[in-house]
Each structure stands twice: as C-alpha cells, then as structure tokens.
Amino acid sequence: MSFGRIVANLDFEETLTAEQGGPRRRLTARAATSARMLGTLMRVFASGEDRLWLPETVPAGRVSSIPGLRTPQFETGTLRNLSPADDWLAWGETEAVASLRARDLPNSQRAPVSGELPLWARVWQLPRAIPPVALHVHRRSTHVKIADDLGLEFPGRAVVSSIEALNAHLAAGGAHNSPTGEWILKPMFSAAGRNWIRGIGTAAERQAKIAAERQFDEGRSLLFEPLLARVRDIGTSLAITEAGVEVIGAHQIEVSSAGKFRGIRIPVRDRDREGDTFPEEALAQGERIGERLHAIGFRGACGIDAWCAKTRGGGLHKEFLGEINARLTFGWLAHAWRSRLSEIGAISADGPLDLRTSSETGPPRAGISLVTPGDHDTLCAWIDPRGRDSAPPLL
C-alpha cells in the first residue's frame with residue numbers, strides 16, 4: 001500500500017532542546033492534550049491512504065468529519081516501529097524523522113506531479129529542512145543575529161547566560177521601554193509561551209531568579225525582552241526552495257498575553273484600518289528575512305512572526321522579526337485549509353477565513369468544525385468561512 005506519513009510532532013521545540021543536551025522538558029498535561037488535538041489539523045495535507053501520526057490516541061468523536069474529505073488513519077506509537085512510508089511530512093523536521101525518511105528510500109519522496117497543485121498538496125513537493133540547519137534557524141539567538149544584521153533591532157532585547165548578566169542588563173535599562181516595567185525570559189527553543197519566565201523591575205525577584213538559575217545551571221542561555229503592550233500580530237508563511245523565497249500568504253495572529261495560540265485570520269486587513277501599513281511592511285520584511293534564511297541554507301516551509309506594540313513613551317514599536325519558525329505553523333495550516341475547503345466547494349477560494357481555537361466557546365452556526373470538545377478537555381477548533389463579517393475581532 002502506498003501512503004505518506006504526516007507527523008504531528010507539535011512538541012518540536014522540546015525535541016530540539018533535548019538534542020542540545022540536558023534533561024528533556026516534558027509538556028504539561030494540558031499542553032500535551034492541546035498539542036495532540038491541534039495536531040489533528042494536519043490532516044489537511046492528507047490524501048489517498050496517507051496516515052497521520054499523533055503522540056497519543058485521540059478520543060473517539062473528537063475529530064469532526066467533513067463531507068468531501070477523507071479522514072486519514074491515525075497512528076500512535078514509536079515512529080521507528082511503524083511500517084515504512086513513501087514519504088514523511090512533519091510539523092518540524094528532526095533528526096529522527098529525517099533518518100526514517102532515509103531508511104524508507106528509495107520509496108521515500110513522492111514522485112513530482114505535473115501541473116499546478118493546490119497549496120495543501122504542494123507542501124509535499126517542498127524540500128525538507130536539514131535538521132541541523134532547522135535547529136540553527138529556530139534558535140532565538142539566531143533570530144537576534146539576523147535581526148541585527150538586517151537593521152531590525154528590538155531595544156532591550158538581549159541574550160543572557162547568568163543571573164549576574166540578567167541583573168546587569170536590567171540595571172542598565174533593559175526593560176525601560178516596557179509601559180509596566182515587565183520583562184520576559186524565553187528559552188532558545190519554545191512555542192506557545194511554554195517555559196517563559198516573567199519578571200518586573202530592575203532586578204530579578206525570587207521566583208524569576210530561581211527559574212532562570214535552573215536554566216543557567218543547565219548551561220542554557222535565555223532571551224530577554226521587555227514586555228510591551230501588544231497591539232497586533234502578523235505572520236508571513238514562506239516556502240523556501242533552491243529557486244528562492246515564495247510568499248504563501250500573510251495572516252493576522254491572535255495569541256494570549258501568555259503567548260498561547262488562539263486563532264488565525266485571512267486576509268489581514270480590517271475594513272476600519274484603511275491607513276494601516278503594518279501588514280504590508282511585515283510581509284515585505286518577512287520576505288527579506290526569508291531571503292537571509294535562503295542564503296544560509298535553509299529550505300522548506302517556515303513562518304515569520306511580526307508584531308507592533310506600544311512602548312513606555314506611548315510610541316509604537318514595530319517588531320518585524322519577533323520569531324522565525326523553521327517548521328510548519330498554524331498560519332500554514334490556515335492557508336492550507338482555505339485551499340482544501342475551497343477545492344471541495346465548502347468556502348469561497350478568495351473569501352475571508354478564520355481558523356479559531358477555544359476552550360470556552362464553540363463555532364458559530366456557519367462554522368466548519370474541526371475538533372469538538374470532550375468530557376474533560378473542552379478545547380475545540382473550527383473554520384469560520386465568513387471571517388470578519390461574522391466573528392468578533394481577534395484583537
């Protein structure tokens with residue numbers, strides 16, 4: 001039987017951390033459940049007999065069926081013990097996935113398809129990132145270096161490797177731009193706000209100090225950022241091949257104050273923001289960052305997150321390199337679902353679309369359910385094809 005294997009390894013950042021040595025961080029029970037359920041959204045890339053690997057079994061009835069789309073077979077268990085596949089498509093390209101794809105050669109890599117493919121299918125034709133390159137690109141210290149090289153500095157941002165360095169940076173005004181004096185320490189690899197350390201003032205207080213020292217004692221550096229009052233988040237999805245950088249699309253991102261993902265909106269522009277140029281600027285800078293990634297050897301799908309926020313003085317800081325995600329992203333998923341659903345006539349190909357997640361509310365009447373709430377886990381996900389005409393603002 002011919003099939004491709006989709007790997008929903010949404011704990012990609014934890015894997016990268018473990019590959020750098022030291023103890024492997026494990027997701028909290030809640031984060032693991034969210035990663036498993038939202039990992040089912042990767043079924044958008046499945047066709048034929050393709051299979052979707054998840055870290056744990058999904059409870060019956062949680063994955064919504066969509067007329068016109070086949071729900072793939074779900075797999076769990078140790079990846080190396082599963083039957084060989086014709087190709088492997090992972091959320092994040094790890095050494096383990098790359099070695100299993102190589103193991104399955106010469107069958108691995110689907111034969112090129114002639115003609116233009118829809119976005120959801122084209123992802124299989126993209127080159128896969130080389131794991132060490134993906135690791136390098138995904139590391140936050142690399143983001144700082146690229147931003148500095150491109151003249152996209154974020155005042156106050158710095159990599160710190162000790163409590164002494166942290167307190168010296170704070171004393172020198174590292175958090176000065178924050179309206180509240182708050183700041184964040186981020187691990188070199190983290191997603192969805194996981195393992196962020198928060199502090200306030202010009203010296204690390206007890207709780208933040210203990211958490212940071214634990215990281216420093218394990219030989220890990222942390223990225224310091226002043227906490228600004230975020231106004232808007234924009235993502236750019238890129239496909240980077242030997243030929244260069246292709247912009248797949250831009251999208252508005254909704255995240256909580258703790259960095260948790262909530263939703264994606266396509267297109268970006270709101271009707272009441274006619275003078276807003278930030279989306280176009282973010283897209284242009286995202287492509288520019290992509291060109292730098294191409295130059296250093298990265299290939300494959302990735303996403304660039306940008307945001308703007310109010311500073312202490314009331315001005316607006318535009319952060320065009322908030323984060324480089326050297327992997328698939330929820331922005332990629334939203335664009336892929338738009339492609340897939342329009343192909344079967346469920347939505348308009350060029351109409352607005354929201355990809356939403358919530359543990360408090362469910363989809364609107366016109367929404368297309370993707371994940372339904374369970375008895376003990378109320379997380380659900382859906383597509384709102386009417387976008388901003390029906391849904392409340394994401395901001």
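Student: Why is Ala192 called partly exposed?
Tutor: Buried means under 20% relative accessible area, exposed over 50%, and partly exposed in between (1.4 Å probe, protein chains only). Ala192 has 30% relative accessibility, so Ala192 counts as partly exposed. This is a predicted model, where local features need pLDDT of at least 70, side-chain atom pairs count only at pLDDT 80 or more, and totals for chains, interfaces and linings use all residues. Residues are numbered from 1 along each chain as its sequence is written, and side-chain values use heavy atoms, with hydrogens and water left out.

Student: What makes the phi of Ala192 worth a remark?
Tutor: Ala192 is not a glycine, yet its phi is positive, about 55°. Most residues other than glycine have a negative phi. Ala192 sits in the loop between β6 (182–187) and β7 (197–200); strands here are DSSP runs of E, at least two residues, and helices are runs of H or I, at least four, numbered from the N terminus.

Student: Why does Asn195 count as partly exposed?
Tutor: Its relative accessibility is 39%, so Asn195 gets that label. Asn195 lies in the loop between β6 and β7, and its phi is positive, about 65°, although Asn195 is not a glycine.

Student: How do you know that the buried residues of α3 line one face of the helix?
Tutor: In α3 (residues 95–103), Val97, Leu100 and Arg101 are buried. Seen down the axis of α3, they fall within an arc of 105°, so they line one face. The arc is taken from the directions from the helix axis to the C-beta atoms.
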